[in-house]
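Q: I would like to learn how to read a model of this kind, feature by feature, with the cut-offs stated as we go. Could you take me through one?

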Amino acid sequence: VHAWLTRWESLKQKARQGRLTDETLFALNHTVFTFVELIEYLLTNLKLSYVLTGKFQTDCLGSRFGKYRQLSGAHYNVSVQEIQE
């Protein structure tokens with residue numbers, strides 16, 4: 001999916017004519033890339049049999065990251081360092 005999004009972005013279509021906004025495309029690309037990396041880690045390093053990706057978007061988790069975003073000055077992309085601080 002990441003490669004498909006990259007090819008879609010390279011088409012350089014006009015806004016509102018089959019193109020996502022730069023912000024939406026970035027967020028989607030970032031989410032897909034992160035999910036792939038996380039799933040590979042969970043299956044390979046932690047030796048899990050399966051991963052329920054739907055659990056990544058639960059209300060509790062979303063609420064927690066919402067709090068992290070507010071604590072970091074309402075930034076959308078919160079770093080691990082900001083969470084640890």
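A: Let us begin with Phe35, which lies in helix 2, where helices (H or I, at least four residues) and strands (E, at least two) are DSSP runs numbered from the N terminus. This is a predicted model, in which local features need pLDDT of at least 70 and side-chain atom pairs count only at pLDDT 80 or more, while totals for chains, interfaces and linings use all residues. Residues are numbered from 1 along each chain as its sequence is written, and side-chain values use heavy atoms, with hydrogens and water left out.

Q: Is Phe35 buried, exposed or partly exposed?

A: The terms rest on relative accessible area: buried means under 20%, exposed over 50%, and partly exposed in between (1.4 Å probe, protein chains only). Phe35 has a relative accessible area of 26% and is therefore partly exposed.

Q: Which residues does Phe35 contact, leaving aside its neighbours within four places in sequence?

A: Contact means heavy atoms within 4.5 Å, and under that rule Phe35 is in contact with Thr53 and Phe56. For a distance along the chain, take Phe35 and Glu23, which are twelve residues apart in sequence and whose C-alpha atoms lie 18 Å apart in space.

Q: Which residues of helix 2 are buried, and what covers them?

A: As a general idea, an α-helix has 3.6 residues a turn, so residues three or four places apart point the same way. In helix 2, the buried residues are Leu25, Ala27, Asn29, Val32 and Leu42, and their cover includes helix 1 (2-10). Asn29, which belongs to helix 2 (residues 22-44), counts as buried because its relative accessibility is 13%. Beyond residues up to four places away in sequence, Asn29 touches His2, Leu5, Thr6 and Glu9.

Q: Where is Leu43, and how accessible is Leu43?

A: Leu43 is also found in helix 2, and with a relative accessible area of 35% Leu43 is partly exposed.

Q: Where is Leu52 placed, and is Leu52 buried or exposed?

A: Leu52 sits in the loop between helix 2 and helix 3, and its relative accessible area of 53% makes Leu52 exposed.

Q: How does the protein chain look as a whole, in secondary structure and in radius of gyration?

A: The protein chain has four helices and zero strands, and from the N terminus on its elements run α-α-α-α. The radius of gyration is taken over C-alpha atoms, and the globule rule is 2.2 Å times the number of residues to the power 0.38. A compact globule of 85 residues would come near 12 Å, whereas the protein chain has 16 Å. Buried residues make up 11% of the 85 residues, and the C-alpha trace spans about 40 × 35 × 25 Å along its principal axes.
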